[in-house]
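Reader: Can we go through the side-chain contacts in this one? I'd like to start with the rings and then move to the charges.

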Amino acid sequence: MKKSILSILSFCTILVFGGCNSFLELEPLDKVSGNQLTETEGGLKTLLANVYNSIPMEDFTFRPTLGFNQHGWAGVDHIITLSFLTDEATRSDGDQGIGPWDFDYWPYDKIRQVNLFIEDVNKAKDSGSITAEIADRLISEAHFARAYIYFGLAKRFGGVPLIDHSLDNDYQPGGDLSPLFIPRSTELDTWKFILGECDLAIVHLPENITSADGIYRASKWAAYGLKSRAALFAASVAKYWDKAPLAGDAVTQKLIGMSLSDADFFYQACIDASEAIIKNSGKSLYKPNPASPEEAVTNFQNLFLTNNEEVIFSKAYLDGTIVADQGHSYDIYYSPSQVNPGYHKYGRYNPTLDIVDLYEDYTDDGTGKSAKIVTRTDGNEMTLVNIKSSINLSIPFKEYDDLYAPFVGKDARLLASVIVPGATYGGTKIIMQGGIIKANGTYSVYTVDGDKGKDGKMYYAFGGEGISMYSGFYGMGKSDDANFSSTGFSIRKYLQEGKKVAGVENSSTTSFIDMRLAEFYLNYAEAVVESGKGDRDLAAKCINDLRKRAAHKDEIPLTLPNVLKERQVEMAFEGQRYWDLIRRREYHEVFNASSRNALVPMIDLRGSTPKYIFVRTNYYYDEFNGGRTFQTYRYYKAIPGINTNNLVQNPGY
C-alpha cells in the first residue's frame, strides 16, 4: 500500500482534537488494495465518496448536540434540529435551551483526508493513471468540500488554522514538531480562503450534472451557491460586529471580528456569485405561476418532496430499514399524533406563533406587511394571556365556528409548511385544542376535562375523548409523553404526506435540499439592499417572484425589512434562521429573557352554539424557564483542545 494511504491510517495532526479517523474507515480495506484506490478512476471515486461524506451539511441527520450523520437513537437529543434553537420552532417538551447548542466541531481529520485526496489525484494524473479532465473535476470537488468544511468552522469559531496540504513532509518523525502547530488565521483571511476555495472549485466543475450523478454531486452552480452563502455570512459579521463587540486576545489579534470596510468586499462577492446562478445556471423557480392560492399551497409543499428545476444541491438517502445507517427519521419523529407511523416518539416539531404571525394574507396592498392571526375583536394582538395563571374571559376574543377559520386566506407558504389547527393531513383533520370553557363559565387548560354544551353534546378540552383523537397540548410538562404540539402547530414542510412510512428509525428517504434557487434570490436581494451595490431592479424582482410563486398579485418595494421577512417565510424550517440570527448579530436581541409564543385554541360552551376562541400566550416551557437569553460571547464557540494545540481561545471561555 502506498505511503500516503498508510499515513492516513497512522498519522493524525496535533491540531485534531480527539481521535484520528481513517480516511478509509468506511471502506472494506480487506477487499481493495491501496493501488486500486489511489491509481484508478474507480478507486479515486470511492475515496471521493468519503470526501463528500465529510461535508458538514446540516441535513435531516444533523443534530446540534451530537454532530453530523446521526442515525442511531440517542434519547430526545436526537430529535433536536437547528430550528428548535430559534424563534421559529421548538421541540414539544421544550427542553433544548437557546443556541449555540453545538458539539465540538473541529474536523481537521476531515481536512487532512481532503488534502490527501487532492495529492493522490495529482499523483494519479502525473502517472497517467487518469486523464487531466477527470483529475481536474475530482480536485474541484475536493476544493468544494474543503470550502464547505472551512465554512462550517468559520461560522462557529471565526479565524481558524488554514491547512491546504497533508503536512507529512513538514516534519521528521522524532524531530521538531513545531511545523504541526499551525496558528489561527484572522477571521478576514479565513473567509477569504473559503471564497478562494469556491473559486478553485468553480473552474473545473461541470455546469450540467449528468442524470447518473443527479443533484447529489457538486456542479459549478453549487460552488457558486456556497460562495454566495459564505460571502453573505462574512459580510453580515463585518457590518454588524459592533452590535455585539467582544474583547480579548482573539479580538486584538483579529482572530475574530472584522471591520465595516470589509463588508463591501464580501457583499460584492455575494452579489457576483448569486448573479451568476440567477442569470446563467438555467435553474428556475418550481411552478412559479400558480392559478390560485390553493394551487400554490400544493406546489410549495411538493417542492420539498421532488427533485425539480429549482434544486441546485441535494442529499439523497437509502432506506435505512434495508441498508444500515442510511435513511433518516424525519417522518416518524415529527408527524402529528393523529397520523403518527407508530414510533414511540412523534409530534415533536412545533412551529411557533411567532413565525405563523409573520406570514401575509392576500390583501396585497403593495406593502408586504404581515397579517397576524386574529384572536380579538378590539385589534389588540400584542397582549399575551398568562394562560397558566388565569384567563380574563371579559377579553373580547373573536369567536370562530371551527378550528381552521382563523387561517383561511393566509399565505400559501404557511399552509404548505405548517399544520395549523383544524387543517387536514393525510385525510385526517388535525385537532389542536388546549382547553375548554364550560357552560357555567369555569375553564380548564392543559388538563383532561370535558363538559356538555347547551346543545346536549359532550365536548373535551383537547378536542377528543382519547389521545388518538387529537394532536395538541396533552401531557404538558411531561417529557416522556411529549408527542403532542405544545405551541398549537405542527410541521408540514418535508413530511411525506400521502406516502406510507414504516414506524421505525431511518425509514424515510426524502432528499434534503441543501441549496435551491430561492436562497440565492434572497441572498442577492439582501446583499444589494445592504451594500447599495448591484442591480436594485433585479433584486426587487427576486423577492417579488417568490411572492408571486405564493400567489400574491402585488409587488412590494425593495427594503431591508421586506427582504428579511421574505427570507424568514420562504426559508422557514430549512436551517437558515439559526445562522441568520448569528451572522446578523440579532440572537441577543431576539432572546433577552424572552419567550416564544404559542396559540391555544379553546372551545367555549357558554353560548347556545359552541364556538372556538384562540388565546395568545407565552410558550409554556419558555415561561417556565423564565424566558431565554443569548449571551453575546456565544456568537463564537470555544476553540477545543487549546491545552495541546496552543491556539488562542475565543472570549468568554
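Author: A definition to begin with: rings of Phe, Tyr and Trp (its six-membered ring) pair if their centres lie within 6.5 Å, and planes over 60 degrees apart count as edge-to-face. Note that this is a predicted model.

Reader: Fine. How many aromatic pairs does the structure hold?

Author: There are 51 aromatic pairs. One of them joins Tyr400 and Phe614, with 5.5 Å centre to centre and 85 degrees between the planes, so this pair is edge-to-face.

Reader: Where do Tyr400 and Phe614 lie?

Author: Tyr400 is in the loop between α12 (353-358) and α13 (412-417), while Phe614 belongs to strand β14 (residues 611-618). Those parts are 214 residues apart in sequence, so the pair ties them together.

Reader: Are they buried or exposed?

Author: Tyr400 has a relative accessible area of 9% and is buried. Phe614 is buried too, at 0% relative accessibility.

Reader: What pairs with Phe407?

Author: Phe489 does, in an edge-to-face pair at 6.1 Å centre to centre, with 85 degrees between the planes. Phe407 sits in the loop between α12 and α13, and Phe489 in the loop between β10 (458-460) and β11 (490-491), 82 residues apart. Phe407 is buried at 0% relative accessible area, and Phe489 is buried at 0%.

Reader: Back to Tyr400. What sits over its ring?

Author: The charged end of Lys398, 5.4 Å from the ring centre. Elsewhere, Arg585 lies over the face of Tyr635, 4.6 Å from the centre of that ring.

Reader: Now salt bridges. How many does a search of the whole structure find?

Author: It finds 49. Among them is Asp87 with Arg577, at 2.9 Å from N to O. Asp87 lies in the loop between α3 (41-53) and β1 (89-91) and Arg577 in helix α17 (residues 576-583), so the bridge ties together parts 490 residues apart in sequence.

Reader: Why do Asp87 and Arg577 count as buried?

Author: Because buried means under 20% relative accessible area. Asp87 comes out at 11%, and Arg577 at 11%.

Reader: And which residue does Glu530 bridge to?

Author: Lys239, with the closest N and O atoms 2.7 Å apart. Glu530 is in helix α14 (residues 517-531) and Lys239 in helix α7 (residues 220-240), so parts 291 residues apart in sequence are tied together. Glu530 is buried at 10% relative accessibility, whereas Lys239 is partly exposed at 28%.

Conventions
Residues are numbered from 1 along each chain as its sequence is written. This is a predicted model: local features need pLDDT of at least 70, side-chain atom pairs count only at pLDDT 80 or more; totals for chains, interfaces and linings use all residues. Side-chain values use heavy atoms; hydrogens and water are left out. Rings of Phe, Tyr and Trp (its six-membered ring) pair if their centres lie within 6.5 Å; planes under 30 degrees apart count as stacked, over 60 as edge-to-face and the rest as tilted. Helices (H or I, at least four residues) and strands (E, at least two) are DSSP runs, numbered from the N terminus. Buried means under 20% relative accessible area, exposed over 50%, partly exposed in between (1.4 Å probe, protein chains only). A charge sits over a ring if NZ of Lys or CZ of Arg is within 6 Å of the ring centre and within 35 degrees of the ring normal. A salt bridge is a side-chain nitrogen of Lys or Arg within 4 Å of a carboxyl oxygen of Asp or Glu.
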